[in-house]
Amino acid sequence: MSETQAVKEPVPPAKEGQGSQVIREIMGGNALISVLAVVVALVIGGILIAVTDPRVATASGYFFADPGATFSAIWSAVSEAYGALWRGATYDPTARTWQGQLGIFETLTFATPLILAGLAVTLAFRTGLFNIGAQGQIILGATFAGAVGFGMHLPPVIHLLVVILAGAIGGAIWGGIAGFLKARTGAHEVIVTIMLNYIAISLVLYLLKNQLKDPNSTNPISPQMDDNAVLPLLLGPNFRVHAGLIIAVLAVIGVSWLLNRSTLGFEYRAIGANPKAARTAGMLVSRGYITVMLISGALAGLAGVAQIAGTEKSLDSEIAGSIGFDAITVALLGRSKPWGTFFAALLFGAFKAGGTSMAVNADVSIDIVAVVQSLIVLFIAAPPLIRSIFRIKAARREGASA
Amino acid sequence: MKNTFKRGTTVGTVALGAMALLLTGCGQAPAPAGGGSTGGNAAAANYLGCIVSDSGGFDDQSFNQSSYEGLKKTVADLGIKMKEAQSTTKADFEPNLNQMANAGCNLTFTVGFLLADATKKVATADPKLHFAIIDDNSIKLPNVKPVVYDTAQAAFLAGYTAASVSKTGKVGTFGGINIPTVTIFMDGFAEGVAYYNKQQSKNVQVLGWNVASQQGLFANTFDIIQEGTKATNNLIGEGADVVMPVAGPLGKGAGDAILAANKGGKDVKLVWVDSDGYLTAPTYKSILLTSVIKTMGDAVETIVKDDLAGKYSATPYVGTLDNGGVALAPFHDLDSAVSADTKSQLATIKKGIIDGSIKVESKSSPK
């Protein structure tokens, strides 16, 4: 039985079982761990802010003469920085214009592609696949969307729909390659998706110098998207928040339904829980890998659409920013639940929107935000990873490992 | 990769800060401050000068850094206030500029042609705020001053110098990405070599750049320093003994490759760009022939001074050999490698370029 199956379904490398168990453990924690990870990361970020602040450094120079001065300097450094972060991400009464005061809409703008890309990672996670390739899938999605966005001239609405579809297809192709290789050859998706990221960035650079280059520009930038091809702004020209947010919310509902209510989602979760058992139960694991990577890639492709048709309006090699990698953190923080991912993306959007305000208004480097984000990953992912590396079994999980 | 590096730096700073806390906690508390003693006049004290970087960041040892240092120096000289924001990707440009507008910056410097779209948008939305964009000449608005450099003029001198010191008869250059702000250096360099050949009836070859076809050797990155090492090794392998990298931080990769090659018996020299490498990259002092400098700091300070005096105008600032906006750096440690004849010829050529009798033509020169 198992031999005939093995012919049809190449057995993945032996190490993989172990790998996906780490993924399961990382994913398996509860919301409390996520919240605590964020809180602790913010506290450590606060310490960094205090230690690097020149006022604190000055006051600590006479710490033993006047300890209070040091503590008040620490308090003002940290509270100013996090205050600016909070105001920049929500509502800032000190901004000069009323548009500038409403940072909450910047938060939503930044969160939009993160929600979509985070869902892409989440969906693959739940099927036991580590999709590191969201970055490449976003780039391909944006490239496809861009190519039809400025290359074609179609009537309103239809053009936008074609752009959205093209973006999803572009991402799906890139994700599908990794899924196909995994299913047919057992090639590890982590390696393949990382490699595909590099191929994607080189490909888009090549296209930007040749076929997709704006003929009026000497730089590697594409022409502007057609007016019919961009996502409409939800709140008029004063705010950048665009209809991609609606797509993102619909995608959250869709993925939530797919995972929890559909047969396909059940198969995905079964494969994610134990591919061998799923195979024994008669599920086509290889087909599951391919389809989940197609859908995952399509979601990341939609994040690319949100970038190019929502905020950037033209294609360049930095179109994906760091969204593809932030999406992994977002999915981790969201415990690979669709709504969890949604709120984690909102938090990261707030970090991004507030981080700019913090850098400008409190003179605290935006790198602090990167540190806080990295610490969040560390606190969530490190315990299971360390247990796995040193083969320490979690006390409460005996019997869980095969 | 870049992010990791920056995080690393932060951690280093923290460690230093912690040490400082431990070591110096025993000083005297200052007496309560009585009365302000700030320099500069009241107008300057209320003036807010701001700067937004492109994705290179303010530590790129290139135009972001020189502009940033220029503004910091201006703060020290004039007593104005400043705000800064670093961009990591293109998507940060507009939010960063919006924050500057929110904060009420009188004048905001945006560094790099990549910021052109965002600058245009924010400047159009708020015509009362002043902007100056560095390395871009595409915006025509009454509140945006373009700051551009005819770098080819100084690179011409560097090319002439390189050709004069080359023993193999081959000099090389490579770029980060094939874009005008990069290729303008390579154009000038190649033309300087060609001028040397014509004047001295020599046949020094330029590897890595073809002026006619505008094609050449590119690392296709401004981030991955090892690519600079690779490109330089290729050039040295083909016989070049002077190399000019035009790729920001990749210059360090080029310097490392040359140091290694010289240990192996070669005698290769380095031409730095943007800033005087002798000061900004002292590791390579021993191989540094000269540098093609854009004196961005001075331009920044001049523009702020003008704006403060109510003399702001959107007329483009074009840095040339004439106004000192671009220049050839001193030869420093390798002064003896350049003959006295060459030095006097360089002075003549510089005069020629300034008075227009020698034409340096680059497709990328600001018009």
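Biologist: Why is strand S5 (residues 144-149) of chain B said to be largely enclosed by the rest of the structure?

Modeller: This is a predicted model. Six of the six residues of S5(B) are buried, so the strand is largely enclosed by the rest of the structure. Val144(B), Pro146(B) and Val148(B) point one way, while Lys145(B), Val147(B) and Tyr149(B) point the other way.

Biologist: What makes S5(B) and strand S4 (residues 130-134) of chain B a pair?

Modeller: At least two bridges are needed for pairing, and these two strands have four, in the parallel sense. In one of the bridges, Ala132(B) has Lys145(B) as its partner.

Biologist: How do you know that S5(B) also pairs with strand S13 (residues 317-319) of chain B?

Modeller: The cut-off is again at least two bridges, and S5(B) and S13(B) have three, also parallel. Tyr149(B) stands opposite Gly319(B) there.

Biologist: Why is Lys313(A) called buried?

Modeller: Lys313(A) has 21 other C-beta atoms within 10 Å, and 20 or more count as buried. Therefore Lys313(A) is buried. Lys313(A) is in the loop between helix H14 (285-312) and helix H15 (323-333) of chain A. Its phi is positive, about 70°, although it is not a glycine.

Biologist: Why is His332(B) called partly exposed?

Modeller: A count between the limits is needed, where 20 or more is buried and 12 or fewer is exposed. His332(B) has 16 other C-beta atoms within 10 Å, so it is partly exposed. His332(B) is in the loop between strand S14 (326-328) and helix H12 (340-355) of chain B, and has a positive phi of about 50° although it is not a glycine.

Key:
Residues numbered from 1 in each chain as written. Chains lettered and ligands numbered in written order. Predicted model: local features only at pLDDT ≥ 70, side-chain atom pairs only at ≥ 80, totals over all residues.
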